[in-house]
There are 2 protein chains.
Amino acid sequence: VALDVDPIATADPAALDAADPLAPFRRRFVIPDPDIVYLDGNSLGRPPLRAIERVARVAAEEWAGELIRGWDHWLEAPRRIGDLLGTGLLGANADEVAICDSTTVNFYRLASAALEARPARRIIVTDRANFPTDRYVLEGLARDRDREIAWLEPDPIDGPTVDDVEAVLRQHPGDVALVTLSHVNYRSAAIADLPAITGLAHASGALVLWDLSHSAGSVPVGLAEHGVDLAVGCTYKYLNGGPGAPAYLYIRSDLQAELRNPIQGWFGQADQFEMGQGFRPTAGIGGWLTGTPGVLGLGAAEEGIRVSVEAGIEAIRAKGVALTEYAIALHDAWLAPLGFTLGSPRECGRRGSHVSVRRADARELTRALIDAGVIPDFRAPDSVRLGLSPLTTSFSDVARGIATLARLAGGRPADG
Amino acid sequence: VALDVDPIATADPAALDAADPLAPFRRRFVIPDPDIVYLDGNSLGRPPLRAIERVARVAAEEWAGELIRGWDHWLEAPRRIGDLLGTGLLGANADEVAICDSTTVNFYRLASAALEARPARRIIVTDRANFPTDRYVLEGLARDRDREIAWLEPDPIDGPTVDDVEAVLRQHPGDVALVTLSHVNYRSAAIADLPAITGLAHASGALVLWDLSHSAGSVPVGLAEHGVDLAVGCTYKYLNGGPGAPAYLYIRSDLQAELRNPIQGWFGQADQFEMGQGFRPTAGIGGWLTGTPGVLGLGAAEEGIRVSVEAGIEAIRAKGVALTEYAIALHDAWLAPLGFTLGSPRECGRRGSHVSVRRADARELTRALIDAGVIPDFRAPDSVRLGLSPLTTSFSDVARGIATLARLAGGRPADG
């Protein structure tokens, strides 16, 4: 071990685990094979035991036993769970978040509504490194609504800065309709400065739409505090809602009636079951629901979200920082000498709860890691992405995962 | 019993059940309380045992055990199950149906794409009695795309006829972009003449979009045979896919690349996990996927659809005809003398698998029926809707349900 290594890299991971106040939360999850080191909870979170029980109960008792009468309580689920997530983890007010559809569909609806609300402005600001579905949706909207995308080309590790956004707004004075970014970048984990960028966008007269998929349940968001207009995200990553779990949308309360949902569905209709003529959205976030929501997925999502609410976002964030600091120390000690570089910000305040490490053979290394029982994911062209999900990832997982990567990458057997 | 009653009304329902070739299929469903007469399988179908087992397995084994690796096979599910449904029950070709999103979202996408494909035509033809979500979506699209809806005002029982459609097409020569109707009306169960109306729409240069929610799994559709352009529907009614189960869309193969999906999501992208720049849809129906699909819901939907495929749509249709004929005979014998009228077509070839019976106090009668263990649903203003789901409804259910309704409506205790 080289002398200039961060002392944390030589810490005993078992001692770090023993001192971890969130360690008991791991026991709330189903972990059938404890020998697997799972470092992809930022892509698909592990199942809470209560989610698995809930799904079985929804199917075998509610669907089978209540039959159509289940809708007496299922109807409320998108708003009830939205409030649990919004007030419990996102810093929204009640009746500003609903669980519904996919992130893609919600992003389309909110971006479309924002453009309609700024009809004279031609520019959409986003980031070349934004998550693909956001970019693809915006490309379609730009063509259909006759707008242009002003692409930010930020530093691939640090992501778009306040200066980047300020510069593009200055280039298009009075012409930016929408600024939309990911709060935490899916690849580098860079945290965008949500308060400052939201303020800048508002000062220019634009609306702002944040994709929270990689921040919800891992870092505090403060939607109400920072006056955010619009947000979307998924519940299957740090929120542990299950594969393809339903997504959510947030609309600041004063915008809910001002903006218009392009997909006017019967679940948004006042007096839904009168089935009358003419769409009249119900008041509040419920007016933004569209079609019939998937009840099995809602049940799992509620249990997933609830675990994070019970742990508390501040405690989750503190552990996320500690896990990623530890991972970076081990990268520096074990991987950097093998030609890896860090693909995530070093400053913990600028970094979410995953860490990317880069080397040209990342694709092959990821395959070899999975064969060896360590599961991260690969992001083209050269990143192994290590997701450190605070409720289920231990410091021992981090040490074993990175030691295995070092061994597979040609290093000497490490001590993890 | 009056002398002019249809002889079927005096048949022994137990004998009808004994002669029913589909009766054994009822044992494939979980029916926890056999004393409940469930006449709402056209709104939410009962769970197949295999669907409940599948959901539990997806959660406890696939999600928990495979974790992110589950996507190796989950990715194919929307197309695999789409083919099972499309080729097995809808008469589509392979790679023309995908399971995804909600009926509302799919209807929006296909209607929007159809309007874009007919830019010079201003008129959308639909039916005032169409299902609400279809009407609400069209109202939004008409406003956003600067089109007009030509509303058919058909007979409320018989639904839109070929003559109705021909008349409206003649009123707007060369100006109709889209004709969209429900194949089976959600209230009266009237079957629209899909082959003739599709042919008329095509002759006028319009595209046609069918909502199959109340026909899929209850009557044959023949999408390929009749050259249908576009269709959507849900899987939670006769297809027994579970509450809020994912919906589907059908796009005739030659239109899949010609039309454009307004919601360009990452699940439709070629080389999805390269996450590159620029949306390029993958070939085939997969290019019409949008966001991440809910895996729990897909599993249940697959098992639900599979039961109907195994029973065969012709056998299902034959039983649906027999059940509704029996229900109408009992209506005539027991309900008509109490002031009820029939809200469904009498001709079985013009009627799907539910029957509406009408009286002014239908809302109160429906509540009383549910309290008495008979579950139909109410449709404003005056219909009790009796869903007769061929795989799970017995002739004894029909007799008991209608006898109970007659008793609650003030008749003498019937013999059912």
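Begin by selecting residues 313–335 of chain A, which form helix α10, together with residues 395–408 of chain A, which form helix α12; in this predicted model the two helices pack with their axes 10 Å apart and at an angle of about 25 degrees. Because angles under 35 degrees count as roughly parallel, α10(A) is roughly parallel to α12(A). If you turn the view to look across the pair, the crossing in which α10(A) passes α12(A) is right-handed.

Next, show the side chains where these helices touch. On α10(A), the contact is made by A:Lys319, A:Ala322, A:Leu323, A:Tyr326, A:Ala327, A:Leu330, A:His331, A:Trp334 and A:Leu335, while α12(A) contributes A:Phe395, A:Val398, A:Ala399, A:Ile402, A:Ala403, A:Leu405 and A:Ala406. Coloured by class, the contact of α10(A) with α12(A) shows 14 nonpolar residues, alongside one polar and one charged.

From there, move on to the empty spaces. Rolling a probe the size of a water molecule over the atoms shows where such space is left. In this model the count comes to six cavities of 30 Å³ or more, and the second largest cavity, the next stop, has a volume of about 120 Å³. To find this cavity, select A:Thr103, A:Phe131, A:Cys234, A:Tyr236 and B:Thr292, which are the closest to its centre of the 18 residues that line it.

Then highlight α5 (103–117) and α6 (132–144) of chain A, each of which supplies at least two residues of the lining of this second largest cavity. Colouring that lining by class gives six nonpolar, nine polar and three charged residues.

Notes: Residues numbered from 1 in each chain as written. Chains lettered and ligands numbered in written order. Predicted model: local features only at pLDDT ≥ 70, side-chain atom pairs only at ≥ 80, totals over all residues. Heavy atoms only, no water. 1 Å grid on protein atoms, 1.4 Å probe; cavity = no way out; pocket = protein on both sides within 12 Å on 5 of 7 lines; lining within 4 Å. Points joined across faces, edges and corners; volume = space filled by probe spheres on them. Helix = DSSP H or I, 4+ residues; strand = E, 2+ residues; numbered from the N terminus. Nonpolar A, V, L, I, M, F, W, Y, C, P; charged D, E, K, R; others polar. Axes fitted to C-alpha atoms, helices over the stretch in contact; angles between N-to-C directions. Parallel < 35°, antiparallel > 145°, perpendicular 65-115°, else oblique. Left-handed = near helix turned anticlockwise from the far one by under 90°. Contact = heavy atoms within 4.5 Å.
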